[in-house]
Amino acid sequence: MEESRSFLIQFSKRPKRNVFTTVVILGGIIIAFLFAYTAFGEDHEKISLKQANIIFRHGDKTPTSAYSNDPFKEAIFWPEGWGQLTKKGKKQMYQLGELLRVRYGQFVGPYSLQTVRVDSSDHDRCLQSAGALLAGFFPPQGDQIWNSKLLWQPVPIHALPLNSDKLITMRAPCPLYNEEQRSSDKVLAASYDDKDLYKYLSEHSGQNVSTLLDVETLFNILEIEKESGKDLPSWTISVFPEKMKDIAALVLASFTNTPLMKRLRGGPLVKEIKTNMESYVSGASKRKLSLYSAHDTTLVNFRRALGFNDFTFKPQLGSAIIVELHVIDNIPQVEFYYLDSYAATATERWEVPGCPTPCTLDKFSETMASVVPLDWDAECQSQEHSSSS
């Protein structure tokens, strides 16, 4: 061992040490890829796999706003603009696309309009994230290559205007949901009323912080600034992230705090994915892959609609929920996985409450009946709104 070590040291000191360094780096990359392939892609070739539905959060972005005393509130600090995907975020999403290609590339095959559909929130960062991910997932092959100097192909990305979106951002008007949310927020506000924290944050941020949402908004700004390498003001040390992160996660969960809110906010995407799988099983669709470029709230809404009731789930950048359809012994089954980031080397298996493994598609549909709206538009009309129409 010592002789080998000495040889490596001597070799690295030779004029050709750059070659040696290159070999070592390439070796490391190959090892890392093989690790990812074995850890993350170990079951990607299962012959039982028939369809994958993937909901992913966008990559690194700039803040959507600044607080009053923010030392980084000038536009010069955020050249991409407010709430936009950064260069770092583009790289993250490209990496996620490559990662998903390891798991599903052979299963899905080259991009095809018949087998792949991509939907996105109409926010720029989500549209760009989808594009970057697709560049990593579907480099053109064979006849798909249209420019030999650019191994990229345009893949359609579908998005609805925010005020019409009933699936991803859930900004479409829903009067009954709004009523339920107001009532729910009052209960949560009374349960988590930390006046000392509100006072401290108000004094140092230079703006009124009096609600859980105010804390979450400030937390997001500080989190992004820290991730971008900026030195946060000294006043943040005593509160960020520890005293604010649980509140930030609570706010994300608050959008689906009651059974009705889960049905109206998370139910539509559950219904969409359930329909995707049923359509494949019936032969009405040949789609193998559905991608949804979304937000942290989308992932939380979907998870809570599935029946997970924790208040601590806070998806990181480039994280993804995966719903797979398998057919085993002629019985359609559903499997759930979670990628905690764009650089994950393994998936976390989820077991949906009420649908233990093996979770058949029929059982899943039965379990989700209470959260899947039959007619979302009709159900959204509150009695008050209906009487005034």
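**View 1. Tyr111 and Phe138 are both buried.** Buried means under 20% relative accessible area, while exposed means over 50% and partly exposed lies in between (1.4 Å probe, protein chains only). This is a predicted model, where local features need pLDDT of at least 70 and side-chain atom pairs count only at pLDDT 80 or more, while totals for chains, interfaces and linings use all residues. Residues are numbered from 1 along each chain as its sequence is written, and side-chain values use heavy atoms, leaving out hydrogens and water.

**View 2. Twelve aromatic pairs turn up in a search of the whole structure.** Tyr111 and Phe138 form one that is edge-to-face, at 5.7 Å centre to centre and 75 degrees between the planes. Rings of Phe, Tyr and Trp (its six-membered ring) pair if their centres lie within 6.5 Å; planes under 30 degrees apart count as stacked, over 60 as edge-to-face and the rest as tilted. This pair links distant parts of the chain: Tyr111 is in the loop between H3 and strand E2 (116–120), and Phe138 is in the loop between helix H4 (124–137) and strand E3 (158–159), 27 residues apart. Helices (H or I, at least four residues) and strands (E, at least two) are DSSP runs, numbered from the N terminus.

**View 3. Phe219 and Phe240 form a tilted aromatic pair.** Their centres are 5.2 Å apart, with 45 degrees between the planes. Phe219 belongs to helix H7 (residues 212–227), and Phe240 to the loop between H7 and helix H8 (242–254). Both Phe219 and Phe240 are buried.

**View 4. Phe308, Phe313, Tyr338 and Trp350 are linked into a cluster by ring pairs.** Arg303 lies over the face of Phe308, 4.2 Å from the ring centre. The charged end of Arg303 also sits over the ring of Trp350, at 4.7 Å from its centre. A charge counts as over a ring if NZ of Lys or CZ of Arg is within 6 Å of the ring centre and within 35 degrees of the ring normal.

**View 5. Strand E1 (residues 49–57) is mostly covered.** Eight of its nine residues are buried. E1 runs antiparallel to strand E5 (residues 320–328), joined by seven bridges. Here Ile54 stands opposite Ile322. With strand E4 (residues 289–294), E1 pairs in the parallel sense over six bridges. Ala52 has Leu289 as its bridge partner there. Two strands pair if DSSP finds at least two bridges between them.
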